[in-house]
Amino acid sequence: MNLWWRHDLLAFVFAITITPLAWCQSSATPDRVATHQILPVSQQAFEFQHLGQTKAVWHASQTTIRPYLFPLIGPSGQSVTRMGHPGAPDHDHHRSVWFAHHSVDGMSYWSENGGTRIQQKQWYAIEDGAEACRLATNLEWIATDGTPHVNQDLIIELIAGKDNEFWIDVQTEFRAAEGRDTVTFDQSNFGIFAVRVSKQLSQVFGGGTLTSDTGDTGEPALFEKPHRWVDYSGNTTVYHENQSDSVPEGITYFDHPTNPGFPNRWHVRKDGWMCASPTMTAPIIIDSDSSLQLRYRLSIHRGGYDPNRAAATFKDFAAQKPWSIERSKRPHIRYELVRQ
């Protein structure tokens, strides 16, 4: 056998055995198979997309009092959350899905008329991928005197499922701002991670149902009780030309076992409101050597509440390791998210 022919044969064998492996490694690169994407748009808004379809939008304009997520597009094709209360104009501070607290060192970050505000200082990382996409950002809670009071790192992750279902995983850390020795999240059932469901999902306005992990239903049975999760489900009307359909869907809001006070007591209302309240029975104090870390999951699902499915989702969520925001060594990337 001629040497040149032997060389070509070896090259061919090498190509058919090694090259597919290289292709597999390349296709695993998030940027090459980014079915989940975050698209920055005008005025510091970020669209969370799956297969080119927007599932949620993070709004962080400097002109707004506080950032928020809206809409969250459910299986019906309509938002399962709402901006504001359907019947109370003094509840316009209910911004779909948002962070706030009734009293931090005596100052209200709940009302939008208290002279405080929460603003996005910068985003750290935007990560697209085949299994999920993630946005990491930094927020400042600004006191009535205009100085930073609390520093908040926030990670929002979209994980899409079948039939237009998806999860929103939220991980956040609160620290005392530079120059402050301590910060106290005062005792209150208003805060810290709030959800206002759509009018049609609410019990009062749409006939929806509140259900807890224990199977109890309705505001009186759930209010101020400890639960691992709470679900709000109902029917959303979808119109097609000369007819309409009713699509059952909902949101399951999961507390995490690492959160202080878990399982936390809940502030829920039949008018369409859910909030796990880690400060319902006692304040939380952080200082220069400590922080407040919280994790939550919102499951946007088709159909009514399914206890077995919720239990499986909770088990998966509880087993997930948290993320850390780290300086990246990759070129052109400032920060990246790493599983701890």
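Student: Which residues line the second largest cavity?
Tutor: Happy to start there, with the reminder that this is a predicted model. The second largest cavity holds about 40 Å³ of space. Its lining is made up of W58, L69, V97, W98, F99, L154, I156, V170 and F193.

Student: Which strand gives the largest share of the lining of the second largest cavity?
Tutor: Two strands each supply at least two residues: strand 5 (97–101) and strand 8. The largest share is three residues, and these come from strand 5.

Student: How much space lies in the largest cavity?
Tutor: A search of the whole structure turns up three cavities of 30 Å³ or more. The largest cavity has a lining of I155, I156, E157, D169, V170, Q171, R295, F317, Q320, W323 and R339. Strand 8 and strand 9 (166–176) are the elements giving two or more residues to that lining. The space in the largest cavity is about 90 Å³.

Student: Is Q152 buried or exposed?
Tutor: Q152 sits in strand 8 (residues 148–160). Beyond four places in sequence, it is in contact with F99, T137, N138, L139, W141, T172, E173 and F174. Its relative accessible area is 0%, and the cut-off for burial is under 20%, so Q152 is buried.

Student: Which side chain joins that of Q152 in a polar contact of 2.8 Å?
Tutor: A polar contact needs N or O atoms within 3.5 Å. At 2.8 Å, the partner of the Q152 side chain is the side chain of W141.

Student: With which side chain does the side chain of Q120 make a polar contact?
Tutor: Q120 belongs to strand 6 (residues 117–127) and counts as buried at 3% relative accessibility. Outside its sequence neighbours up to four places away, Q120 touches Q44, F46, W58, A60, Q62, P67, T137, N138 and L139. The polar contact, at 2.9 Å, is with the side chain of W58.

Student: What separates the C-alpha atoms of Q120 and T137?
Tutor: T137 is one of the residues that Q120 touches. Along the chain, Q120 and T137 are 17 residues apart. Their C-alpha atoms are separated by 7.2 Å.

How values were computed. Residues are numbered from 1 along each chain as its sequence is written. This is a predicted model: local features need pLDDT of at least 70, side-chain atom pairs count only at pLDDT 80 or more; totals for chains, interfaces and linings use all residues. Side-chain values use heavy atoms; hydrogens and water are left out. Helices (H or I, at least four residues) and strands (E, at least two) are DSSP runs, numbered from the N terminus. Buried means under 20% relative accessible area, exposed over 50%, partly exposed in between (1.4 Å probe, protein chains only). A polar contact is a pair of N or O atoms within 3.5 Å; within protein, one must be able to donate a hydrogen and the other to accept it, and residues adjacent in sequence count only if both atoms are side-chain atoms. Contact means heavy atoms within 4.5 Å. On a 1 Å grid over the protein atoms alone, a cavity is a set of points where a 1.4 Å probe fits but cannot get out, and a pocket is an open set with protein on both sides within 12 Å along at least five of seven lines; lining residues have an atom within 4 Å of a point. Grid points are joined across faces, edges and corners, and a volume is the space filled by probe spheres set on the points.
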